[in-house]
Amino acid sequence: MKKSTQTTSQSHPWHGISPGPEAPEVVTAYIEIVPTDAVKYELDKESGILMLDRPQRFSSQCPTLYGFIPRTYCGEQVAKRCAERTGHKDIHGDGDPIDICVLTEKVVSNGNLLVHAVPVGGFRMIDGNEADDKIIAVLESDLVYGELQYIAQLPRPLLDRLKHYFLTYKQIPGEGKRSVEIAEVYDRQEAMEVIRRSMRDYDKLFVEPEAKPAKKSAPPARRKAPAAKAPASRGSAGRGTRGGK
């Protein structure tokens, strides 16, 4: 078989993949970890490769598929919405893509994959003074969760389990208590608004600077032509046409 000379490369999960043509109603989500993972996987932002961030030191495990929405960014617009809705001051975005939890009845054995998900709501989480929203979604066409459209339709124990995970997974015994709170549980419409804002934040940071044309430098000023000199007399021996000596 003739060896192909064409090379292929994996698209960067954050920058090289679209959030989907129907976003924010239906989004493409990149899954980093699954409920059975005993270690915390996280995307290396520079390379786009999934890396082992740390072993799970305690029993806290995310009860759903967990990852982020490509080409989103938790920045100024997301932070502004958080401040407006909660009354908190000096809120900043956490500088990461928007996190998403995806519910499915199926067992998914490992992460590092893409799924189509339908947002149904979310948690307005604040970590310190940073907005850290968690979009809650269902796997598209899932046999159990696929027809749900609103967060109020989800089982209360499942939401409580998600809240417990996000309020405790960064808390390490023996260290000072982290200032983490879920200030609001919001519905589908607000989830889509947060996703829209995160897409605008992404465009402002990564797309618009590249789209701006390079600033053209001003053309150099034209030099004035030297004044014409009287032609040398034909009888002047040894002198050129410029009148030089």
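The largest nonpolar core in this predicted model comprises 25 residues, and those with the most contacts inside it are Val-27, Ile-31, Ile-98, Ile-100, Val-102 and Ile-135. At least two residues of this core come from each of β1 (27–33), α1 (76–86), β6 (99–103), β7 (113–127), β9 (134–139) and α3 (188–211). In soluble globular proteins, nonpolar side chains tend to be buried together.

The surroundings of Val-102 illustrate the packing: when its neighbours within four places in sequence are left aside, Val-102 is in contact with Ala-29, Ile-31, Thr-64, Leu-65, Val-115, Ala-117, Ala-137, Val-138 and Leu-139. Across the chain, 74% of the contacts with a separation of 6 or more are accounted for by residues 24 or more positions apart.

The chain contains 3 helices and 10 strands, which follow one another along the sequence in the pattern β-β-β-β-α-β-β-β-β-β-α-β-α. Of the 245 residues in the chain, 40% are buried, while the accessible surface of the chain comes to about 15,600 Å², with 50% of it belonging to carbon and sulfur atoms.

Lys-40 lies in strand β2, which spans residues 39–43, and the side chain of Lys-40 makes a polar contact of 2.9 Å with the side chain of Glu-42.

Conventions
Residues are numbered from 1 along each chain as its sequence is written. This is a predicted model: local features need pLDDT of at least 70, side-chain atom pairs count only at pLDDT 80 or more; totals for chains, interfaces and linings use all residues. Side-chain values use heavy atoms; hydrogens and water are left out. A nonpolar core is a set of buried Ala, Val, Leu, Ile, Met, Phe, Trp, Tyr and Cys residues joined through side-chain atoms within 4.5 Å. Buried means under 20% relative accessible area, exposed over 50%, partly exposed in between (1.4 Å probe, protein chains only). Helices (H or I, at least four residues) and strands (E, at least two) are DSSP runs, numbered from the N terminus. Contact means heavy atoms within 4.5 Å. Accessible areas come from the Shrake-Rupley method with a 1.4 Å probe; for residues, only the protein chains shown count as cover. A polar contact is a pair of N or O atoms within 3.5 Å; within protein, one must be able to donate a hydrogen and the other to accept it, and residues adjacent in sequence count only if both atoms are side-chain atoms.
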